[in-house]
Amino acid sequence: RRQYSFNSQTYLDYAQRIVKKLADRYGRRKAVAIWQVDNELGHENSDLDFSDNSLQAWRQWLKKKFGGSIHRLNDDWGTTFWSVTYNEFEEIPLPKYTMPGTPAHSNENFRSNMSPSMLLDYRRFRKDSVAAFANHQVELLKERVDGCITTNAPGGEWSKALDHNDVFANMDF
């Protein structure tokens with residue numbers, strides 16, 4: 001359960017295929033009044049993703065955010081202070097667990113001694129990944145169903161990289 005990547009094209013293709021098939025079959029039936037997109041997006045740390053797919057998407061997200069300028073990223077992140085200056089986006093890792101022997105506290109998803117600016121951008125990237133996944137499903141459903149579209153929000157909002165405004169923006173409620 002919850003072993004998927006919002007940044008895996010293979011996963012996205014299969015999710016899209018399932019959504020289309022279900023919507024095409026049941027979308028116009030009067031008995032189906034509400035469609036739920038996924039289930040508790042970001043729950044059980046599913047917003048955390050350290051896969052190769054996520055690494056590539058993270059680097060693309062950074063290139064877009066910083067207008068392709070690695071110098072701007074270094075300046076904004078204060079990498080000189082952290083003794084980690086990047087020469088190209090391909091050098092930037094995911095901020096994985098980097099504090100061996102120190103378990104995450106109950107209010108932490110993971111612990112990392114990377115720059116706080118990097119960690120903040122990683123949360124923004126994760127937030128955008130989850131919202132893009134939800135919004136893509138909503139787009140597919142709006143073309144195929146008559147009922148309302150929504151999802152259920154997981155608890156523990158402070159520990160998740162979610163913006164419910166982004167996730168629910170294109171839903172009916």
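**Figure 1. Burial and overall layout of the protein chain.** Buried means under 20% relative accessible area, exposed means over 50%, and partly exposed lies in between (1.4 Å probe, protein chains only). Of the 173 residues of the protein chain, 39% are buried by this criterion. The model is predicted: local features need pLDDT of at least 70, side-chain atom pairs count only at pLDDT 80 or more, and totals for chains, interfaces and linings use all residues. Residues are numbered from 1 along each chain as its sequence is written, and side-chain values use heavy atoms, with hydrogens and water left out. The chain holds five helices and two strands, where helices (H or I, at least four residues) and strands (E, at least two) are DSSP runs numbered from the N terminus. Their order along the sequence is α-β-α-α-α-β-α. A contact requires heavy atoms within 4.5 Å; among contacts with a separation of 6 or more, 69% are between residues 24 or more positions apart.

Figure 2. H2 covers residues 52–65, and its 14 residues reach 20 Å from first to last C-alpha. This is close to the 20 Å expected at 1.5 Å a residue, the expected span being 1.5 Å times one less than the number of residues. Buried in H2 are Ser54, Leu55, Ala57, Trp58, Arg59, Trp61 and Leu62, and the buried residues of H2 pack against H3 and H4. Glycine 67, with a positive phi near 55°, follows H2.

**Figure 3. Surroundings of aspartate 121.** Aspartate 121 is located in helix H4 (residues 116–142). Aspartate 121 counts as buried because its relative accessibility is 2%. Leaving out residues up to four places away in sequence, aspartate 121 touches Trp58, Trp61, Leu62, Lys65, Phe66 and Trp77. Its side chain makes a polar contact of 2.8 Å with that of tryptophan 77; such a contact is a pair of N or O atoms within 3.5 Å, where within protein one must be able to donate a hydrogen and the other to accept it, and residues adjacent in sequence count only if both atoms are side-chain atoms. A salt bridge (a side-chain nitrogen of Lys or Arg within 4 Å of a carboxyl oxygen of Asp or Glu) joins the side chains of lysine 65 and aspartate 121 at 2.5 Å, N to O. This pair links distant parts of the chain, with lysine 65 in helix H2 and aspartate 121 in helix H4, 56 residues apart. Lysine 65 has 30% relative accessibility and so counts as partly exposed.

Figure 4. Aspartate 24 lies in helix H1 (residues 9–26) and is exposed, at 53% relative accessible area. The C-alpha atoms of aspartate 24 and arginine 144 are separated by 6.1 Å, although the residues are 120 apart along the chain. Salt bridges with shared partners join Asp24, Glu143 and Arg144 into one network. Arginine 144 is buried at 16% relative accessibility, whereas glutamate 143 is exposed at 54%.
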